[in-house]
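Thanks, everyone, for making time this morning. I would like to walk through the charged side chains of one protein, so please keep the viewer open while I talk.

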Amino acid sequence: MKQFQPQEDEQIVVALTDENGVEVEMEILDTVLYRGKEYAILLPLEEEDSVVILSVEGSLEDGADCRFGEVDEGLLDDIFAMYEQQAAEREE
């Protein structure tokens, strides 16, 4: 599986609908491959104090066939740790 990587100076914003039917714009900060599955690290544009982690179904490359799904809460810490590790490696 090829992991999607936003360019360093590229801002990719997606509009997602939350469980209450409200559209929320989020920036894709990065993606993480974990146990053979791709996860997106998203930053809500209105609330920049926390990130959202969602599974990626389809391809972020073309966007048309991409869907986001919920993540098992037991995986969130591991996925976020991988994101932090990737970000630190890029800074080196």
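Let me begin with a question: does Asp30 count as buried or exposed? Before I answer, please bear in mind that what you have on screen is a predicted model. At 1% relative accessibility, Asp30 counts as buried, because the cut-off for that class is under 20%. Arg90, for its part, is partly exposed, with a relative accessible area of 46%.

How many salt bridges does the structure hold? There are 2, and the other one I want to show joins the side chains of Lys37 and Glu57 at 2.8 Å, N to O. This pair also links distant parts of the chain, with Lys37 in strand S3 and Glu57 in strand S4, 20 residues apart. Here Lys37 counts as partly exposed at 29% relative accessibility, and Glu57 counts as partly exposed as well, at 37%.

Now please turn to Glu27, which sits in strand S2, residues 23–34. Glu27 is buried and yet has no salt bridge, and the nearest side chain of opposite charge, that of Arg90, is 11 Å away. If we leave aside its neighbours within four places in sequence, Glu27 is in contact with Gln11, Ile12, Val13, Ile41, Leu42, Leu43 and Leu45.

On the surface, the model shows a patch of negative charge, where Glu23, Glu25, Glu46, Glu47, Glu48 and Asp49 gather. One of these, Asp49, lies in the loop between strand S3, residues 37–44, and strand S4, residues 52–57.

Finally, some context for the whole chain. The protein has 1 helix and 5 strands, and along the sequence they follow the pattern β-β-β-β-β-α. Of its 92 residues, 34% are buried, and the protein exposes about 6400 Å², of which carbon and sulfur atoms supply 42%. Among contacts between residues at least 6 apart in sequence, 36% join residues at least 24 apart.

Methods. Residues numbered from 1 in each chain as written. Predicted model: local features only at pLDDT ≥ 70, side-chain atom pairs only at ≥ 80, totals over all residues. Heavy atoms only, no water. Patch = residues over 30% accessible without salt bridge, like charges linked within 9 Å, V, L, I, M, F, W, Y side chains within 5 Å. Areas by Shrake-Rupley, 256 points an atom, 1.4 Å probe, with all protein chains shown as cover. Salt bridge = Lys/Arg side-chain N within 4 Å of Asp/Glu carboxyl O. Lys, Arg positive; Asp, Glu negative; His and termini not counted. Charge placed at Lys NZ, Arg CZ, Asp CG, Glu CD. Helix = DSSP H or I, 4+ residues; strand = E, 2+ residues; numbered from the N terminus. Buried < 20%, exposed > 50% of the residue type's maximum accessible area, 1.4 Å probe, protein only. Contact = heavy atoms within 4.5 Å.
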